[in-house]
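This briefing concerns one protein model and is arranged by topic. Please view the sequence and the structure below before reading the points that follow.

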Amino acid sequence: MFRVVGLLGRSFSPYSSSLGAQKILYPLFSYCPQSPFPHHLSPFGRTGMATAAYAPEPKLLFRQLFECESSTYTYLLADISHPDKPAVLIDPVDVTVDRDLNLIRELGLKLVYAMNTHVHADHITGTGLLKSKVPHVKSVLAKAGGGRADILIGPGDKISFGDLFLEVRATPGHTLGCVTYVTGDGPSQPQPRMAFTGDALLVRGCGRTDFQNGSSEQLYHSVHSQIFTLPKNTLLYPGHDYKGYTVSTVGEELQYNTRLTKDVETFKSIMANLNLARPNKMDIAVPANLVCGLQDLLP
Ligand SMILES: N[C@@H](CCC(=O)N[C@@H](CSS)C(=O)NCC(=O)O)C(=O)O
């Protein structure tokens, strides 16, 4: 059975839950032969895997994966305490779907949701390819973005996999339909919390606001009200990085973000003067991503 807590408090989940102690696994995996920064650092250093020592049983398995052409991060999360090891992918990319599925197979996970933080403009989501290769996988996208998906989510929704869940926070501004997925708040959920911010918040920066109904004022308020209000030790995982960063925290960005630490008028001025080139793939990526990458299959 699939259950996702949906729009305005609905719950989506493949399984019922039971509470239990946990520890978090924080391994990293990078696929980028030409990467200028081939060894991404985890919060626990460069090693492949580290375990927190405060709890007896592992629950969350976590991987940060990289696609180097678009500098996109894909995140794999799974509840490995559940017999089925249900897993979700956040922001998969079409060209790295086989890598991701291979990893999922090697780790013995069952992929249940392929989720997007927003309708991307610079690359094609891997959601459609994942669905064609693993038919039970459900695509997830925000209703506010105007696209199509198996599950259209909104603020307050909860997406469960095993005993773990992600809550949906609306963080528009880069695009109208941007959301941030935050790990649950509760005794059986990962500590510190983790927020997958898509392009709303990047490490020391943020997403551009000059197309797809973007708004710098809206982005400023989204980040300040929905992300910077999380506990300071919340780990922030961005949708992209162009400088070699992998992860930050709320406390760190409150202090050092080069744009969002400013007042709103200064922020708007910074964003109006970025002068970034239009993404190369925008004309094919946006229509494809509005249908979760199923543009060749849907009527
Ligand atoms: N050169 C790339 C696009 C780079 C870009 O515009 N990145 C976006 C996120 S993807 S739409 C962004 O918001 N950047 C913020 C910044 O400060 O760089 C391409 O051609 O695809």
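Predicted model: local features only at pLDDT ≥ 70, side-chain atom pairs only at ≥ 80, totals over all residues.

Residues are numbered from 1 along each chain as its sequence is written.

**Helix α1 and its surroundings**
- Helix α1 spans residues 97-106, and its buried residues are V97, D100 and I104; helices (H or I, at least four residues) and strands (E, at least two) are DSSP runs numbered from the N terminus.
- Viewed down the axis of α1, these buried residues fall within an arc of 65 degrees, so they line one face of the helix; the arc is that of the directions from the helix axis to the C-beta atoms.
- The cover over the buried residues of α1 includes β4 (58-67), β5 (72-79), β6 (86-90), β7 (110-115) and α2 (127-133).

**L109 in the following loop**
- The loop between α1 and β7 contains L109, which counts as buried because it has 22 C-beta neighbours inside 10 Å.
- Apart from neighbours within four places in sequence, L109 is in contact with A78, K85, A87 and I104; contact requires C-beta atoms, placed from the backbone, within 7 Å.
- L109 and K85 are 24 residues apart along the chain, yet their C-alpha atoms are separated by 5.0 Å.

**Nonpolar core**
- The largest nonpolar core has 71 residues, and A87, V88, Y113 and Y237 have the most contacts inside it; such a core is a set of buried Ala, Val, Leu, Ile, Met, Phe, Trp, Tyr and Cys residues joined through C-beta atoms within 7 Å.
- Leaving aside neighbours within four places in sequence, the contacts of A87 include I104, L109 and F161.

**Ligand shell**
- Of the 13 residues around the ligand, D122, G207, R208, P279 and N280 come nearest; a residue is near if its C-beta atom, placed from the backbone, lies within 6 Å of the molecule.

**Whole protein**
- The protein has six helices and 17 strands.
- Buried residues make up 50% of its 299 residues.

Definitions and conventions:
Buried ≥ 20, exposed ≤ 12 C-beta atoms within 10 Å, placed from the backbone. Contact = placed C-beta atoms within 7 Å.
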